[in-house]
Structure formats: structure tokens, C-alpha cells
Amino acid sequence: MLDDLPILSMIAFLPLVGALVLLLVPQGRARLIRGMALAFTFAPLLAAVALYIAYEPLLGGEAFAEKLTWLSVPLNMEAGLSANGATSYRLLFDYRMGVDGISLPLVLLTGVVASMAALASVQIRKRWKLYYVLFLLLQTGMYGVFLARDLTVFFIFFEMTLIPMFFLIGIWGYFSRENAAKRFLVYNGLGSAVMLLAFLMLIATAGFSIEQTASGAALSFSGSYDVLAANLADPNAAANLNGSMFLSDSLKGAAFALLVVAFGIKLPLFPFHTWMLKVHTEAAPPVVMIHSGILLKMGAYGLLRFGAFLLPDQLRAWAPALAALGVVNIVYGAVLACVQKEFKLMLAYSSISHMGIVLLGIAALNETGFEGAIYQSVSHGLISALLFLIVGTLYERTGTTRIDELGGLASALPFTSGILLTAGLASLGLPGLSGFVGEFLSFLGLFDSYPWLVAVGVLGLLFSAVYVLRGVLGMTYGALPDRFAGLRDVRFVEALPMIALTALIVLLGVYPSLLTDAMAHGFDGALKLLQSAAGR
Amino acid sequence: MDIVFSQVAWLAPLFPLTAFAVLTAMGRGLGKAGAIVATAASLLSFVLALLIAAERLGDSAEDYTGRIEWLRAGGVVLHAGYEVTNLTALMLVIVTLVALLVNVYSLSYMKDDERISVFFAYVALFTASMLGLVLADNLLTLYVCWELVGVCSFLLIGFWFRKPEARAAAKKAFVVTRIGDLGLLIAILLLYWNMPNHALDYTSLYNVFHSQSEALSDSLTTLIALLIFLGAVGKSGQFPLHVWLPDAMEGPTPISALIHAATMVAAGVYLVARTFDVFEASPNALTVVALVGAFTAIFAAAIGLAQNDIKRVLAYSTVSQLGYMMLALGSGAAAAAMFHLFTHAFFKALLFLAAGSVIHAVHTQDIREMGGLGRRMKLTAWTFGIGALALSGVPPLSGFWSKDAVLAAALEKSPWLFAVAVVTALFTALYMARLFFLVFTGSSRGEAVVYVHAKESPAAMTVPLVILAVLTVAAGFVWTPWNEWLPGWLAGSGAGEEEAGAGGWNGVVVAASVAASLLGLLLGWLVYGRKGAAVSAAAAKAPGLVRILERKFYIDELYDIAFVRPLAVLGRALHVFDEVVVDGAVRLVGRSVQAAGKLNTRLLSGQLQTYGLAALAGAVILIVAIAGRRFW
Amino acid sequence: MTMLGSYLTLAAVLFCLGLYGVLTKRNAIIVLLSIELMLSAVNLNLVAFAKYGINASLRGQVFSLFTMTVAAAEAAVGIAVLISLYRRRATVNVDEFNELRR
């Protein structure tokens, strides 16, 4: 059944359709707007689940791939290129979508977190319609980033997340929201510019493919992942095209460095992390759920996708530096999280720490590490979404999220406190909850190559216990201040996303094969490349 | 013999786990009904454990292993599995029995608490994870349960969450044990990459480390053994990670019994016994284990002499007894260690539950405010007395036999270790005598009203006491000089315990041990038991020494200065660094761009036509430049 | 081939006239008209190349149709802006419009 439907495009564009439909609904119909936004958020989630069920790890995502020529621009080339016998030249912008073991878990994550954030958006009190339109646009961007199979398409979707996010932070956030939104835009805009430069370098050189047509050979340049990967890995590629036009090793290194900066900002990598602190503290909780839950993972995904699959030599060369940076991220974030007085800021630093683990997994350069990186991404996405969901709930009731102003909430809000404790335990990597598996796999992967870095990195686990318990126990344990005595625990609507996220966290912790089986063989291509890179 | 029940051993942890799930899902409203569900689940587990043990009593019972695929790491599949050997069968019985008794006891002890069903849910999860830990057939599964045990003890220690002390104690327990856990984690990573086929199960460990194969170098083996031991040090409260255990007394008393007798702290000893093949391959690691154990034993016993909280005295005695077990392990006698773990489980559970009964009656834990309670609570006093005598090592109670086995092993390792162990035995007898005489004899030193109202606890609390007292008396006879059944049985399970232990009747050991315990008891009676003896007699004679002991050798303060404060200072320094340097650089870039922008606005008039002219001029220059290049 | 040169010359003259108007005229309406002149010059080029260029094809003519449409839209928007400006400022003198300064 699935074979007949363009399911990937459906996942990516259903929210866009929703946004367009929503524009036609009059502003006042709050219930209708909300209901429709929910419907158009859950629809792609259902499609993603169907995709997960239909997906066969052994076959990969071939059955679902979609390709459409979108724009074909003829080029006038200088005579130098005619050496390889081509008679016509063009720049191809293909619409290519695909799915594999790396993107599938992240697509699912996007569906889950976006749906839960949509449910949590009851907290939004103003300008509903615009909010949900932007929210749906953002979803299309996120799905597209993970499903794209062409650099141009990737870039367009990547940018598509930027603008809605800017407004979502700037309009519905807390006190200094506009400042936070500006920082977000400047940093990420910069990252996108750098990324575009790297993409153009790749497309214009390694993106070529030669087709034999009736009127002679046609040389076309495109950003297709497969074409790029094949050309970059092919030692004869330079000769096939034309020696002077192809990327030299130092240019490849430069492209990789640009990608590290671009995705490092997103991840965020020390020292590019300060924008993300502002966003975490100033944006509205449902927005932060998306931001911390999914947008940060786009950095990890990009690094893995373009590092391991396109530039394995460079990834190998950079691996020690990436691993070291990962450890810096882990320890730096964790130590700083230990002294924060504001819970949201503590969570932000803890995100930095956890994304460091993702980096370790990538730097491990083996299948275990890559799986760990993706697993940790998914798990951290769920956990941080849950934590920020709770933060929003608490803020609504108490008007503060400062650890020293709160206390004893377990008496007044037993359910929320219980979920908060569970989320905290998941965040500090308790086995049986999803956080552990990602950390374990990442450390396991990296241990093969850099045992000493792992030995330092596990300190982060110790610190994470310190700051999580300090924060969570500080807020929920102890005596309840009188002014919080009358607080009411969550309503059913608020409890629903909490229960769903907690259930998923437990499920992934108890039976990780659910995800690791889907990931199997997802990295085969990259591993082959890395091995041949090691051989050289 | 058929091993029907061993094949369904996975049900043992599943019963309490189901109880936990039910209780959590139904929420707080369940009240006492939840408590009964949890107790029933623990009863089922206990019955199953008994059946498993019973069918394994014969000679030829085979080990049974079952596993499922849990996680795929790279191309390697990591399993979750369980293995039933005689050792695990023994542990199953201990754990389920103590858990069952604690459940029954708590029905009465916790009956007025509004969160009683939460309490029972935690206890059920605690039992389930400990059973999982015991049954695990590989180190990864063990690690998962290991951490769960830690988090459950954290939850239960902090059960009375409104008390700031409980919060601090829970946090401390979790963080301190986590230090050890990280050691274990690294050991697992090391094993994963160095074992053939990345195997982590015990059978493979046995094959690799027992066959003197060259798969792992000696130094690597030692490193792995020490890292595993670090995990055990954290869990079993060995020096220098013992600090959490006494603080853990903030939890409800039945929990103290559970933690100290059967679950949390036993896990460390069990881990070392289970991975004993690794230790046996590394003599250096064994020596470290023995030294740490011996030092912890005497160190904690000394502190126990001067504590005034009834539960803290017992807590330090646990630390000290665990030291004994480690000493036995370090001396190469895993069976002796397991024997001591077995008997200790009964009498320590007994002592804690009896102490809980006392606390229930007088609502204080300070022994200086007790006294003369023996007349009001006869049953409690008798059972506590039996436990105290067993702990002191008085024959023929179970503690005597197991301590004897430990001492014999220590003597074989080194006379110095033996001497330390004997002195520890003396201390043990002394502080138990002090505790017993101060609490149960003499006249009341607390408020008269409390004393008058103090009465024997209800049957739900005293019946477990009696059962445990009977076991305390009887349990020792499974391994006596004329009956070497236990070590033989443990060894029969194959993996690891072949050289079961020293055994045999050693006159020196028996004499020394009996003399030490009797001398300790006598001293205790002289100082605290006689009529007119003052509570603070010792403190008056040697104030400095008692003060150091009372403050536990200032270890907590030392850690505060050495680790906690530096971390806080580092954190604040980095915070400033983050705000000023990292974010400052960002702001600097931002400001300079803004400044450049301001400067530029001066050049601009806002007149579109001027801009156009400038653009035209630029285009002309470009064209001239491009065109002109041809002529250069 | 010779025809191409004349078309291009005509287009260049048209373009320069338009450019001159855009840069010097004070009346905003005239400026808009001059812009149209420049666009026409471009269209002329497109059509000329479509007919006489190296890769002669219909594409250039189609493109010029697009340009015309866009130019019409652009003129409409421009005049709309101008009208609203006139309502606020009561002038169409471009020297008075320096909103970009702010």
C-alpha cells in the first residue's frame, strides 16, 4: 500500500497544507484552529509510524525514495570542460526524498515531539492562528531536513525552520524574547551562510554526473547525496570531470571545516553555544520543546550525514578534535549546570553536555558510535521535550522556575513532580530509561579509539547526577512554602503528553532493539567509506 | 533432576515489577490495598525462590541460562538474560525472604503514612531490580539492575521528602554510589573491547580468565578487576565511599533493613563473588580487595563505638561486616564471603527491624534517651539480643560460624589481616553490648511519659522478628567444621567457586574469635551494663578520641573541602568565564558590526538617486576593469 | 548578424535614457516611467538574442513576456506606494523622500 503513495512527501508537506488551510480560517475560531493544527500535526506522525512499520532495515529505504526533476538550468561552459566529451551542460535541481536507518529515528522523533508540543501549546494565550501557522511551517522544515536527499532541498528545508522559529521565539517568549530571537537568527543565519558555501563547493565540483543521450553526452551538476558520495569516493572522479575543476584535498578539508562550524552552531558546540542558552530561557516552553528536542539534532544529523557519508577522510582527520570537543562540551556543560540557579538555564547547560555525547558517538567512527549518536539524539529529544513541558506547567502555576524559589512541590503537585523526577533520572542516564542506551553506545563506540577521553567523559555522568538531583530535588523535595499550598496538579490534557513521553522514554530504555534494529545497516555505506579512508 | 523452576526464574523479578507497575498506575488512592498487592507479589517471588533452591539441592543440578536480544551495538547483539546457578539460587532465597519479611513488617510500621502505596511500590521495584541483578547472566544486564537498585535506594532514603536531611542523604547516596558505578561501567567497556566476541556473560568470563588464556594482559586484568571492585566499593559502602551508608538511615527503618541486609549493599559483595574469575586472575587486585575490606572493617567498627543513634550504630556495623566479606573475597574465599553475607542478611535484618520496633515505641533514635525498654518490650529485647550475640560472633549462633570462616581465610592470606579482623571482632562485640545495655537495660533516661506508653509492637512486626531470630540461630549450621555442605554446594554450580574456601577446624581461629567476642561483651557490660554505669563514661575518660570517632574521623568534612567546594568554585569560575569571555566575544562581534553600521549611515543620505548613481559608477568601473584586462 | 548590432545599439540608447531619467528627475512619476524604459531595453535585448543569438530559441521571447508581466506588477506597486506617500507628504518630489535614512 505504502509503495503507491509518496509517503515521504506526505510526511513533509502535510503540515504545510495544514498551514495553508489554517490561513483560511477566521482568527476568532480558536477551537477550530487548535483542532485543525492538532490534526495536521498528528497526521504526519501517523504516516511516520506507518513508515517505521513498513521499513525493512535490510533493504534500506529504496522503496520509498522519490525523485522529481524540479529545475534544469542550461549552462554555458568554457571549452576546457569539453575534454570529457560532453556536448551539453546543465545545473539540475532535483527534488529528491529518501529515508534510511539514520533519518528514520529522527523523523519519528520529530513526529512525536511536534505532536506533544502541539498538545502542550494550550499554554499559548495570544495570536493563536499565527502561532499554529508558524508551528506547522516549522514542522515541514524539520521533516524535510531529515528526508531530503539533495543538498539544495536540504538547504531549503533547513532555512524553512529558521524563520518560523525566529517568530515563535520572538512573539510568544518571555521577557527578553526579542533579544533571544535576534541571537537565534544571527547565529543560525551565519551557520546557514557557511553551510551554503560548503554546499556550493560540493555541488559545483563533485556534483557532476554524465548521461548519454541521443544528442551526445550531457554533463549535469546536482546536489544529490548519492552522486556526491560516489564522486567523492571515486579516485578517478577528478580525471572524469577535469582535473582543475575538482576539489583538492585541502579544499575538501575547508568544506568540512565549514560544515563543522555550520552544524556546530546548531548542535551547539562549545564555544558557539551562548545563543542557545538565551533561546532555552526566553522562548515559550512548547517552542523550546521543539527547539531542544529536534532543532539541535539537525546539527548532529548534518554532521553525520555530510561528514561520514561525503567526506569520510576529513571526518577521520578531524575525529580526535571532535572527540576532544565533545568531552569539553560534556564536562563544561555539566559543571556549569551544577551552579545554575535558574532551572531552565540548568537544562540548557545540560543539553550542551548531552549533545557532547552525540559528538563523541560521531567521532568514534564506528557503527556502535554512530548508533549511539542517533540514539542519544532521539533520547535527548524526548527527555528534554518532557522536561520543558514540565517547566511550562510549573511556570504556569508558580510563576517562577528558579530552583531557590521553589521547593516541596511534591506535596502540592505529586504527579508533575513524579514525572519530573523520572525525566531527571532519564536525563542522568539511568538504565531502564532511554538516556542510558545512547550514552552507553556512544561511550562504547568511542572507547575503542580513545579510552582516555571516555574516562574523562564519564565524569560528565557523575556531574549530571549532581546537577539533576540538585535541581529536581531542590524544586520538589523539602518543605512546601505557604504560597504554593493551593496549587492544583495537572489536568488531563496537560498530563497526556507527559504520560506519552514518559512511556516512550521507558519503552526505549527497556527495549532498545526497537530503535537499534531499525538503524541496522543504516551506516553500512559510511562504514565502507571510512574503512577505505583508513586504508589510504 | 529436572530443573523446571529454574527455567521460569525470570518470573521472580517479574512479580514485584508487576506490583510496582500496578501500584504506580493506580496511584496514591490505592492505600492499604496496594500494600497487600505488593506483599502478595513478594510472597510469590519467595515461593518461587524456595522452589528453585529446593530443586537445586540435589547434586547434579545444571546451570540454566535464558536470554533475549536486547540491543544491537554495531554488528554485535547484546543480550538481556538470566542464569540460575546455586549461588544465584542462594541469593534469590535471601533477597526474597528478607523482602517478604520487610513487606509484612511494613504493613504495620507504615500503616499511618498517607503515601503507603508509594512506599510499597518503591519496595517492589527495589526487590525486582535486586532479583534482576542476582539473576543477570551478563555484566550489562547486571549493570542495568545495579543502577536501578541504586535509584530505588535513593527513592526510599528520600521517602520522607519533606525533611531536608532526607533529601540530602538521598542525593548523597546516589552521587557517591555513582562514582563506583562509573568504575563498573568503564570495566564493562574494557571487557567489551577486549573479550573475544565482545562477550560479557559470566560463562565467557570464566572461560577466558580461568584458562590462563593470553587474551588479556595481566595489567589489563588487574585494571578491570580494580574497576569492578570500585563499583562494589560504592555499592557496599567500603572505605572511602562508605559515607553514604550511615546517612541512608534517614529512610524508613524497614528500608534500612532491606538495604543493609539483602539488597543494595549485598550487591557489591555479590558482584565481586560473581566476577571472581577476574579477581582470581589478578593476585594484586585480590590483595587490594583484602586490604580495603580489612581497613573498612576496623575503621567502621571503631566509629560504631561512639555513635549515639541506634540506627547509625547498626549502619556502621554493616559497613564493618561488609568489610569482613570483602576481606574474605580478597583472601580468595568467595564461599566464606557468601556464607557471611547469608548469615549477616538474617541477623542484620533482625537487628534493624527490632530497632524499628523500638523506634516505633519511643519515637526517638537517640540511645541516650532510651533505657530499660527490655521490661516493656520483651519480645523485641530478646530477638534483638539474639541478633546482637550473633553479630558479636558468640557460638553457636550463625554469626560465629560465618565469621569463623572469614577469619580462617584471612589467616591464610596474612596474619596481619587476621589480627585486624580479630580486633574488629572485639570492637563489634563491644558496640553491640553498648547498644543492647543502653537501650534495653537499666532505667529510662528519656521522658517518663514516652517510657510509660512504650509497648510491644503488633504481631505483624514481631512475627518477622521471631522468624528472623530462628533463622539467625539456625542458618549457621549449613557450614560448620563437621558439615561442609554449603561451600560444596556453591562450588557445584561450576562457574568460579571451585576452591571453595579454607574450611576445616582451626583451633587458633576459634579461640581468638571466641575470646575477642566474649572480651568485647564483657567490656561492654562493665562500662554500660552494670548498675550505675554512666552513658558518657567513655567520653569522660578519653574526650578527644571519642570526639574523633563521633565525627567519623572527619571524613565528611574532608570530602566537603576536597571535592564539593572545589567543584562549586570551578562551576562559578566557569560561569563567569562563560558570561564574560565566551559571551563577551559574541557581544564584541555584535557591537563592532553595529558600530560599523552606524559609521556607514553617515555616508548615506537616504536619496535613492544618489545610491543609483553610486551603483552606476561601480558598474562602470567594473566594466572598465574587466574589459581593460584584455589590453594589459 | 548585422541586424543584431542595431538592435543592441537601440537597446543601449534606450537603457541610457532610462538610467539618466532615474538618476536625475525629481518627479517620482517620471522616475517610474524611466524604469519602464530600462526594462523595455532589456526586453529588446532578450528578443534580439532570441532571434539572432548563438543558441537561438523561443526561450528569450518567452522570458521577455515574463518581464513585461513583472514590470506591469512592479509599476502598479510603485504607483500605489507613490499615492500613499503623496497622501502623507503632499509631494511627489523624490528629494523629499529620505525614509531609507532612518
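The buried residues of helix 22 of chain B pack against helix 4 (86-109), helix 16 (334-362), helix 18 (378-392) and helix 19 (398-413) of chain B. Contact here requires C-beta atoms, placed from the backbone, within 7 Å, and helices are DSSP runs (H or I, at least four residues) numbered from the N terminus. The model is predicted: local features need pLDDT of at least 70, side-chain atom pairs count only at pLDDT 80 or more, and totals for chains, interfaces and linings use all residues. Residues are numbered from 1 along each chain as its sequence is written, with chains lettered from A and ligands numbered from 1 in the order in which they are written.

Among the buried residues of helix 22 of chain B are Met461(B), Pro464(B), Leu468(B) and Thr472(B); a residue is buried if 20 or more other C-beta atoms, placed from the backbone, lie within 10 Å of its own.

Turning to the interface, 42 residues of chain A are in contact with 40 residues of chain B. Helix 18 (451-476) is one of the helices of chain A that each supply at least two residues to this side, and helix 18 of chain A gives the most, nine residues.

Within chain A, helix 16 and helix 18 pack at an angle of about 175°, with their axes 9 Å apart; axes are lines fitted to C-alpha atoms over the stretch in contact, and angles run from 0 to 180 degrees between N-to-C directions. Helix 16 of chain A is therefore roughly antiparallel to helix 18 of chain A (angles over 145 degrees). Residues making the contact include Leu420(A) and Gly424(A) of helix 16 and Val468(A) of helix 18.

Methods. Contact = placed C-beta atoms within 7 Å. Buried ≥ 20, exposed ≤ 12 C-beta atoms within 10 Å, placed from the backbone. Parallel < 35°, antiparallel > 145°, perpendicular 65-115°, else oblique.
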